[in-house]
Amino acid sequence: MTNTHQTGHQTGFYSHNGAMCADNVALSDIAENYGTPCYVYSASVIRKQYKALENALKHALPKNNKPLLCYACKANSNIAILKLLKDLGSGLEIVSQGELVRSIKAGFNGNTIISTSFGKNASEIRACLKAGILQFNVEASDEMEMINTIARELGKKAQIAFRLNPDISGGGHNKISTGRKEDKFGNSAEDVLALYKLATQDMHNLNPVGLSMHIGSQVSQAETFKPGFEKLSEMTKTLRAQGFKVTHMDIGGGFPIIYNNETLLDFDDYAGWVRDIIAPLGVQIQMEPGRYMVGNAGILLSRVEYIKTTPSRKFMVLDAGMNDLIRPALYDSYHAIKPIKENSSPTQTYDIVGPICESGDIFAKNRECSNVTSGDIVALMSAGAYGFSMASNYNSSPLPVEIMVDGDNVAVINKAQTIEEMMERETIPDWL
Ligand SMILES: Cc1ncc(COP(=O)(O)O)c(C=O)c1O
């Protein structure tokens, strides 16, 4: 693509002479060249996020204690994004065999990959062991036995850590809180102790090395993490007092990004808790941030199809729907929505909706937005995490294109799915 609107050297999403750009590229060019709906990611923002976290930890922690940052690729598992993070020195947190295959394709070395999936299946465990992954975070006793059995079959020893459920409510929404005792995730302190004993004494193809915890996503207060860290510390002391070795500690992810006007986590406070509570345990620290790395690095471009006015509402009808970005429908989440060309006409109050046959296909209700008309392009901001990775073919809508921008460079990193491709695995039985 030729960039017709060069803007000098800026990074991220910003307005230049009234036109929104991604790095040095005008979003209008991208919409015109690649169509909509269209995800656009800024490589430079991802780099900036990674470095900011790495630096905050570097400043807080002793030199010999460099955490292994394992990007939680469920947030966005496009292989170009994985490669970008790998080149920055990131490890990976995976939750399925599909994510393992992606990680290998992106060039990750198995020894930087942690599997945290819930309900790990036999095929996935086997593939992870063959790929020589660093660690499995164990969710349940049956799962642990399965890992041991398959490791024995393959003549391997699997490094495992036990996910502790600290009974803490963290996370920006009920559905993304994962550390309460009623949640399916993790093991109670009593169960961790019993499992550690069982693994150490009876399961010869397991190497139990420590603990893991992840309390939720979009956790905005550093203090929320503190009681979890304290529970990890107590548990470590209990285990060590009984003679078990604890050398690794996966302290999870969950860092927030800005969707609207949220307060961001104070990384200095957070890194301070890691320094004061976790580092003195003398363990190799591992972390699993997802949303934070990519959330603000992506937007979803969409075309205004129609403005529909009814006696009580004004609907802005977009060509993107809940099939492309399900977060508002699933989590009531807020995404800023901006026309990519500034206009000075008075704002209107819209319900901003997609084309899907569901009343829940709403991106925003009663949203003030500058006046738009059919054919205008809007950007749904902060859509880089849990956007494309949760997209579906609902209503037989093909998956949208994904574009990466880096300075002046623009590339398609995932072609738009065609309607034919969407159906290519379907067959009509010949007896029908
Ligand atoms: C086990 C685990 N680790 C890490 C993450 C990443 O969380 P976040 O994207 O909020 O950093 C999740 C998200 O659901 C998770 O379940």
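This briefing covers the strands, the helix packing and the ligand surroundings of the structure above. The model is predicted; local features need pLDDT of at least 70, side-chain atom pairs count only at pLDDT 80 or more, and totals for chains, interfaces and linings use all residues. Residues are numbered from 1 along each chain as its sequence is written. A closed barrel of eight strands is present, with parallel pairing, and an open sheet of three strands has antiparallel pairing. Helices (H or I, at least four residues) and strands (E, at least two) are DSSP runs, numbered from the N terminus. Two strands count as paired if DSSP finds at least two bridges between them.

**Barrel**

- The strands of the closed barrel follow the order β5-β6-β7-β8-β9-β10-β11-β12.
- Neighbouring strands of this sheet are turned by 30° against each other on average, direction ignored. Axes are lines fitted to C-alpha atoms, for helices over the stretch in contact, and angles run from 0 to 180 degrees between N-to-C directions.
- Gln159 stands opposite Asn207 in β10.

**Open sheet of three strands**

- The order in this sheet is β1-β2-β3.
- β1 and β3 (25–26) are at the edges, each with a single partner strand, so one side of each has no neighbour in the sheet.
- Strand β1 (residues 13–16) and strand β2 (residues 19–22) run antiparallel and are joined by four bridges. Phe13 has Ala22 in β2 as its bridge partner.
- The two strands β1 and β2 form a hairpin with two residues between them, and Asn17 in the turn has a positive phi of about 50°.

**Strand β13 and its partners**

- Strand β13 (residues 298–309) pairs with strand β4 (residues 38–42) in the antiparallel sense over four bridges. The bridge partner of Val40 in β13 is Ile299.
- β13 is also joined by four bridges to strand β18 (residues 377–380), again running antiparallel. Leu300 stands opposite Leu380 in β18.
- Five bridges join β13 to strand β14 (residues 314–318), and these two run antiparallel. Lys308 stands opposite Phe315 in β14.

**Helix packing**

- Two packed helices are described by the angle between their axes and the distance between the axes.
- Helix α5 (residues 122–130) packs on helix α6 (residues 141–153) at an angle of about 50°, with the axes 10 Å apart. The two helices α5 and α6 are therefore oblique to each other; angles under 35 degrees count as roughly parallel, over 145 as roughly antiparallel, 65 to 115 as roughly perpendicular and the rest as oblique.
- α5 passes α6 in a right-handed crossing. A crossing is right-handed if the near helix is turned clockwise from the far one by less than a right angle, and left-handed if anticlockwise.
- Ala122, Ile125, Arg126 and Leu129 of α5 make the contact with Met146, Ile147, Ile150 and Ala151 of α6. Two residues are in contact if their C-beta atoms, placed from the backbone, lie within 7 Å.
- The residues of the α5 contact with α6 comprise seven nonpolar, no polar and one charged. Ala, Val, Leu, Ile, Met, Phe, Trp, Tyr, Cys and Pro count as nonpolar, Asp, Glu, Lys and Arg as charged, and the others, Gly among them, as polar.
- Helix α7 (residues 189–202) and helix α8 (residues 222–241) pack at about 35°, with axes 11 Å apart, and α7 passes α8 in a right-handed crossing.
- In this pair, Ala189, Val192, Leu193 and Tyr196 of α7 meet Met235, Thr238 and Leu239 of α8. The contact of α7 with α8 has six nonpolar, one polar and no charged residues.
- The axes of α8 and helix α9 (residues 267–278) come within 10 Å and cross at roughly 15°, which makes α8 roughly parallel to α9.
- The residues making this contact include Phe225, Phe229 and Leu232 of α8 and Tyr270, Trp273 and Ile277 of α9. By class, the contact of α8 with α9 has eight nonpolar, one polar and three charged residues.

**Ligand surroundings**

- The ligand is surrounded by 16 residues, of which the closest are Ala72, Ser217, Gly253, Gly290 and Arg291. A residue is near a molecule or strand if its C-beta atom, placed from the backbone, lies within 6 Å of it.
- The shell around the ligand has five nonpolar, eight polar and three charged residues.
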